[in-house]
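User: Hi, I have a protein model open and I'm new to this. Can you walk me through it?

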Amino acid sequence: MSDYTFLRASDAPEYTGGSPNPFYGYGRPMGAEQLAFNVRVLAPGASHVAPGEDPAKGHSHNTIEEIYFVIDVTLDVKLGDDVVTLGKRDAVLIPAHTPRSARNTSDAEAAFALVSIKVADQSTESNAHEDFWPTG
C-alpha cells in the first residue's frame, strides 16, 4: 500500500461549530506536514469571518502567502483597497501582510478553497483588520 491518505468530504471536520457558513479542514486531519488546505462555504450575503464576528472584519498573515481558489459560484475578494470578483475555478495568490476579506454577493451558496503552508499556531500568524470592508 502506498503512503497516500484519503479524506472523504463527509469526514472532514467542520471548524465553526455548525455555522451556516461552514469551514472544513482537510490538511491537518489528513496529517499533512507542509500544507494547509481548507474549504469555506458561504451562504448568500455572508462574509469569510468566524461565527459571530463583524462581517466588516478583514485579516492578514505575518509570513505566509495564501491562495483562494473558487470552487463554485463567485466570490468578491477585497485585497488592500482593491475589490475583485472571482468566478468558478478562478484563483488569487495573496502575499503575506496583504489585508484580505471575502464575501458572497451572489444569490447562491459559494465555496472556495484556502491553500497555504501549514503553521504551528494560526493565532500567532493572523492579524485582524477592523472596519476593513464596511457593511451598508
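Analyst: Here is a short tour, from the overall fold down to single residues. This is a predicted model, where local features need pLDDT of at least 70, side-chain atom pairs count only at pLDDT 80 or more, and totals for chains, interfaces and linings use all residues. Residues are numbered from 1 along each chain as its sequence is written, and side-chain values use heavy atoms, with hydrogens and water left out.

User: How many helices and strands are in the chain?

Analyst: The chain has 1 helix and 10 strands. Helices (H or I, at least four residues) and strands (E, at least two) are DSSP runs, numbered from the N terminus. From the N terminus on, the order is β-β-β-β-β-β-β-β-β-α-β.

User: What radius of gyration does the chain have?

Analyst: The chain has 15 Å. A compact globule of 136 residues would have a value near 14 Å, so the two agree. The radius is taken over C-alpha atoms, and the globule rule is 2.2 Å times the number of residues to the power 0.38. Along the principal axes, the C-alpha atoms fill a box of roughly 55 × 30 × 30 Å.

User: What percentage of the residues is buried?

Analyst: Buried residues make up 40% of the 136. Buried means under 20% relative accessible area, exposed means over 50%, and partly exposed is in between (1.4 Å probe, protein chains only).

User: OK, the inside. Which residues of the largest nonpolar core touch the most other members?

Analyst: Y68, L75, V77, V92, A102 and F112 do, in a core of 14 residues. Strands β4, β5, β7 and β9 (110-117) each supply at least two residues of this core. The largest share, 3 residues, comes from β5. A nonpolar core is a set of buried Ala, Val, Leu, Ile, Met, Phe, Trp, Tyr and Cys residues joined through side-chain atoms within 4.5 Å. There is also a second, separate core of 6 residues, which includes A12, Y26, V39 and V41.

User: What does V92 touch?

Analyst: V92 touches E66, I67, Y68, L79 and L86, leaving out residues up to four places away in sequence. Contact here means heavy atoms within 4.5 Å.

User: And L42, is that buried or exposed?

Analyst: L42 is buried, at 0% relative accessible area. It lies in strand β2 (residues 35-42). Not counting residues up to four places away in sequence, its contacts include N21, L75, A102, R103 and F112. L42 and R103 are 61 residues apart in sequence, yet 7.7 Å apart in space, C-alpha to C-alpha.

User: What share of the chain's contacts joins residues at least 24 apart?

Analyst: The share is 66%, among contacts between residues at least 6 apart in sequence.

User: Switching to charges. How many salt bridges are there?

Analyst: There are 3. A salt bridge is a side-chain nitrogen of Lys or Arg within 4 Å of a carboxyl oxygen of Asp or Glu. Side chains of opposite charge can pair when their charged atoms come close.

User: Which residue forms a salt bridge with R100?

Analyst: E66 does, with the closest N and O atoms 2.7 Å apart. This pair links distant parts of the chain: R100 is in strand β8, E66 is in strand β4, and they are 34 residues apart. R100 is buried at 0% relative accessibility. E66 is buried too, at 8%.

User: Last one. Where does H97 lie, and what is its phi?

Analyst: H97 lies in the loop between β7 and β8 (100-103). Its phi is positive, about 75 degrees, although it is not a glycine. Most residues other than glycine have a negative phi. V73 has a positive phi as well, near 70 degrees, and is found in the loop between β4 and β5 (75-79).
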